[in-house]
Amino acid sequence: MNVEISVILLCFVVAWPLLLAIPALHSRLPRPRHLAIIPAALLAVLPGEASLELPWLFFGAGCAIDGESRWILAMSVAIWFVAAAIIKPSKHDFADQRTTTYFLLTLAGNLGAVLASDLVGFFCFTTLMGYGLYGLLIQSGDEAARRAGRCYLIVLIVADLLLFEALLLAAFVTEDLRFAVVREAMAEASSAQFYLWMAFIGFALKAGVWPAHLWLTAVFSSVSRSTALLLGGVPVAMGLFGAVRWLPIGEHAFGVAAMIIQGIGIAAVLYAMFRFFTQVSVKSLPAWTAVALTGLFIVALGGGLAHPEMWHQYESLAYPVIALVAIFLATLTFIIGRMQGAHQAPAVASQRVETVRRVAEWIEGCQRCAKDRLSGLQSLWHTSWLKATRQYQRIMDGQKPIGLRDEWRVRIILFVLLGLTIAWLAK
Amino acid sequence: MNWNSWLPLLVILSSLLPGLIIFGLAEERIRLRTVLNLAGALVKLALVGWMLWGVYHGHDYEMRLALLPGIELVLRAGPLSLLFVTLSAVLWLVTTVYAIGYLEGSPNRSRFFGFFSLCVTATVGVALSGNLITFLLFYELLTLATYPLIVHRGTETARRAGRTYLAYTVFGGALLLLGTVWLYTLSGTLEFTPQGGFLDGLGDEHRPALMIIFALLIVGFGVKAALVPFHGWLPQAMVAPAPVSALLHAVAVVKAGAFGIVRVVYDVFGVEFAVGLGVLGPLAWLAAITIIYGSLRALFQDDLKRRLAFSTISQVSYIALGVAIAGPIATIGGVVHLVHQGLMKITLFFCAGNLAETLGIHKISEMNGVGRRMPWTMVAFTIGAFGMIGAPPVAGFVTKWYLGLGALEADQAWVILVLAGSSLLNAAYFLPILHRAWFRAPSDAWPEERDFGRKETAWALLLPPVLTAALALAAGLLVMLPFSPLEWAKLIAAQEFYLP
Amino acid sequence: MGTALTDSPWGVMLILLPLAGGMICFIWPRMAQVLGLVTVFSVALSVVGLAWQMLDTGVYRHAVGGWGAPLGIDLYADGLSLLMLLVTAMVGFAVSVYSAAFFEREDATRFWPLWLFLLAALNALFLSADIFNIYVTFELMGLAAVALVALAGGRDALGGAMRYLLAALLGSLAYLLGVALLYHGFGTVDIALLAERVDASPVVWAALGLMGTGLLLKTAVFPLHFWLPPAHAHAPAPVSALLSALVVKASFYILLRLWLEVFEPLIGSEGVHTLLGLLGAMAVLWGSVQALRQTRLKLLIAYSTVAQIGYMFLAFPLAAAAGVAAWNAAAYLAFSHALAKAAMFLAAGNLLRFGGHDRIADLDRVVQRLPLTAAAFALAGVSIMGLPPSGGFIGKWLMLEAALVQGRWDLVAVIILGGLLAAAYIFKVLGYAFTQADVVHESRAVPASMEWAALLLALGAVLLGFLAVPVLSLVGIGDPFGASEIRP
Amino acid sequence: MSASFLYALVGIGLFSLSLYGLIVHAHLLRKILALNVMGSSIFLVLVALAKRTNEAPPDAVPHAMVITGIVVAVSATALALTLMLKLTAETGRAELPDDQRESH
């Protein structure tokens, strides 16, 4: 009997928050944020598998709840519930309506992605979630948040593009785009390597794995406690969840690729530990723990890729691990946010501002001379490159905590370590 | 001359007759003019619906009229022509409602709506033409009908914009005429023959001549489809009132050019013959260059309508690209983009018109916080913009999906790079606009605000963009329904261009 | 030969009616206007009668006074002359309706007699079967036209008329000398008889040279076009419409008639028709460029006439191989040009009366204040440019087809370039018709009949685009272009 | 026969002389006179060539043509003279308008 209920609930889980997202609706309802989560919570509680097929909707969309995705659903329901409680509207009066709309949009995106039964549905809902998070980020914060948001947006667009290409490759190989079918088909397809790397980089960007962690650290350091809670747990979990679902693990051993991925994972962990010890402010603790945890998960993924048979044993473990990681991150942010309380502005800020100003002047100088010399050729490629660098520069200025010289020393040590680990693994 | 063969002519007359009557109307007869306009649009929609139903069930609608000894004017309603006719009919109705609202109280409206109807008559004629000479006839009529719309405002800049527009299009028309006559002397017929075109018989000795003819025809159509070297007129034609630039860019002129390219490659030369001639490669490269160039130029435009114009230049070349990659799936992608781009672009232009008409905003830098003041217009704009970028639920995603698959199937991987690059550039010039509109605090006063009481703007201005945005979303979401643009494109690919 | 005499002598009516009408209008000036209109209408009816008769009996032949060919004057009409008669009737009727409202009291009394004599001369010319009779009608037409040009009075009109008269007299006298030589050589003036007797002897060459130059002078082909622009530009609007549409075509018709029949054996020689082709090409380019440079509307339209005449001369080199197709193209171009050019001149007349000037730059929002005239000018422009829905397009299409079949790339280039230049100067005018002029002129009301006359002619030119098959079959009666004789 | 041939030659000569006169002289009266001379030269040619054979009476048709030609020439000259008078009344000089600008 409860299977029918679950199917009905399946429809409402995603549709209900989307419906509430319309400002006219949620401004009239009491506590709209909690209302939106109820169907998802019910579904998480009800045992048993259920699936819903909508062949006429957008390439045959479908959603399903099963053992594995229940973990993630439970995790996200928990996080969203806590976030719904503690998210307080920022100072602008009209912002409250806006924050709730973005909150609900992101919620719908997240739940949709969790329940999606095929690649296209997953891709759509992760994009919706991404843009929703961007909205939340910009809406809640100040200038730093806006810069972090712009960085997140660029990461989002590039990740979407890569995932779209991967999706194309999958669609070219198989007509039916359900996860399991795609995994088998892609395993022995000729473009498997290409697909693996596209999907991996796409989800690494979304989850903020080590080389692409910039937006994660920027977000943590800039936003208020409640949004950090969301922005910490949710994208990281969904990134990893997507990676597990998309990557063709389990059939064919990708020797070299697996080794590289494991290498990245280890490097991430080491980099996170190093940065954490040199970092003074406690506020960015959750950021570096997130990077470390994702690094560890990536190592496990690499292992799975390298030895498919081993992966089958602890595959079912993957989803609970993701859920735990997300929950742990959320609680960590919550506790630190509570401890942090009043005093803000970590000690290092002043020194950073000075280097930022110097670099900005240098860029402005060459911008001006480029402008008047090439004023006529506005559409020439390199003037646009200068404009682009000035724009990206504003994002990067928040990232150089210590002098340039030490930065290089750190990188060399890390690469040495990386070499060592690879050598050890290759044995 | 049974009933079936009169239908195409009736579709054309349904906009020609109101147009001619409206020309005669005095300026004050507003109500009669509105009634005539809407009646014409609704009658056309009904007739097109009837033909859609008929063609879906295999009927054939054709009408022949002797033009020259040996050459006839042919109006035939096949699946491909109906795709374009339906797009024109739907968007004409929407644009008429919009134009009535937009031109409230402005002078010369009888003249405007007269030429407006002539323009749509020419577009429908282009869509329904059964051979190259009828196509040429309506194609040139389109140039003549759109010129007065561009110079409608009567200012000096409008005249100069009109002059550049004519310089390009008449030049294109001359090349087209030369190409058509030369083709006629070689092949002896100009009839559009689906599934392989009518040039297979010509042996090798005509090979260089046919290559030159292909180049002539593609340049002739490329002028209106705004391929790179011939796109100069499009941004300048922005001086026209909003409904004109909406009609020109989304439905009539630009699409006629792209539709011409589709006809030439599939129904005149036939894909295998074109591939044999080796002419599709350069066309693909030309389209790719246009896509990237259009997006790059759009990046630096501060005027909203000019940015949309450059975005049109790059978007229309998707159709040319889809056609140039000679695979069945790429064809579907190219052909379906004809409709999708129409829906999305007309929404963007309607919103741009609303902003200009209600708040006097022309520059993107003036658009801070406009989402707050005109929420529904900006929601429509956002849907259109996400469609242009290719974000999932909206129609643009479907086109990029099929073009990507088509490129993979024809193993031309470089096309995917072009598509990816273009999506990035689209994001680079659309997202800042959305960011400004939604997340920036509004400036204290708008350039020239017109008060509409509680509503954000007149309903005639608000309804069309919201409607076309919903259509764009539906074209994306309900993509599997039988009468959706995608299914119809598949029917076209299967029935008309039967590719091995 | 006398078979067609009995039932209805339409041909004779065509000549007698206008002559009689002209004389009565002269004697009874008060009734000139009404009488003129009635006469022109009856001439139009008789042309239709003639066409009807020719449709079933083929060529129309009538010996005036019952005498035979060598001595008497014969009337002969085949497809080509029927086409020209039709054009004359259509343009004549529209111009008459226009001039009924255009001319004031005393001008009208002088206009109608002259115009009816011109009409008689034109009809007689298209019907005449022997070359001396052509000379007489040719001269009568010239004098009537000159008088009409001088009608408006004023320095420019008189100057233009004088120059036109001198050119006309020189042309017809040269033509007469040619006739004298031909008569001396072959003892007859009848075209049909001459066609059998003529051979490629020096006398025929001399005659061709003399008659050719005379006719080229009257048709105002490129080097000899100096007299046309001032004459056509400064004449009153309806007169310049008549001149551009009909008079210039008449001398082209004579050249065509002689070229096809009398000088048929000489056609083989390369020299002559390449020369004519070259003159035509130069006329197209020179006329269009000059038209582009003009700042006054009527001068622009006059130079456009010079250019369009050039198009028709392109048919000569093409006819060497393409035969009937080239001549059909030339005939069609003549027909559509006549209608379109007459409409343009009438529209220019309206603009002149409305604004008091015809400076192109100062056309003040004419599209809105004079919609019908602007529409007439635009539609006529479409036909002149040769854009699809018009007669001009059909002519251009047939000409291009003939040129491409022979691979004459030079002529193809000229045709395309001519079309582009024509588009340039037509749209230059239309551009200014939309915009606001800086200095505002007080405007004078234009009677509706004048606007509708221009619009009907322009619509005729556009509708001609759809009537190609019936018109070409009409032209084919009596096989004027001798499809069989000329090598395919 | 040779005499009539001579007359024809004289006619052709007269024709070219009058052509030269028409083109060179700026004054309108001279031009009109040149035209008259040209007309009569053509009539001379016509009449001269009419005498075909020695014994038979000369052929009548050319003579008919000459008569018509004369009538036409007279009316043309009349029209030319009136135009010239009007032109001189209007412009004060008996020359074609743009000729006036060139000559002085």
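Predicted model: local features only at pLDDT ≥ 70, side-chain atom pairs only at ≥ 80, totals over all residues.
Residues are numbered from 1 along each chain as its sequence is written, and chains are lettered from A and ligands numbered from 1 in the order in which they are written.

**Chain C as a whole**

Let's start with the fold: chain C holds 20 helices and two strands, where helices (H or I, at least four residues) and strands (E, at least two) are DSSP runs numbered from the N terminus. Its radius of gyration, taken over C-alpha atoms, is 21 Å, close to the 23 Å from the globule rule for 488 residues, so chain C is as compact as a globular protein of that length. That rule is 2.2 Å times the number of residues to the power 0.38. Along the principal axes, the C-alpha atoms of chain C fill a box of roughly 65 × 55 × 40 Å. Of the 488 residues in chain C, 66% are buried, meaning that 20 or more other C-beta atoms, placed from the backbone, lie within 10 Å of the residue's own.

| Contact | Residues from chain C | Residues from the partner |
|---|---|---|
| Chain C with chain B | 26 residues | 26 residues |

Nonpolar covers Ala, Val, Leu, Ile, Met, Phe, Trp, Tyr, Cys and Pro; charged covers Asp, Glu, Lys and Arg; the others, Gly among them, are polar.

Towards chain B, helices H17 (391–406), H18 (409–434) and H20 (468–475) of chain C each give two or more residues. H18(C) brings the largest share, eight residues.

**A helix pair in chain D**

In chain D, the axes of helix H2 (residues 28–50) and helix H3 (residues 61–91) come within 10 Å and cross at roughly 180°. Axes are lines fitted to C-alpha atoms over the stretch in contact, with angles from 0 to 180 degrees between N-to-C directions. H2(D) and H3(D) are therefore roughly antiparallel, the word for angles over 145 degrees. Their contact residues comprise 17 nonpolar, five polar and no charged.

Definitions and conventions:
Parallel < 35°, antiparallel > 145°, perpendicular 65-115°, else oblique. Buried ≥ 20, exposed ≤ 12 C-beta atoms within 10 Å, placed from the backbone. Contact = placed C-beta atoms within 7 Å.
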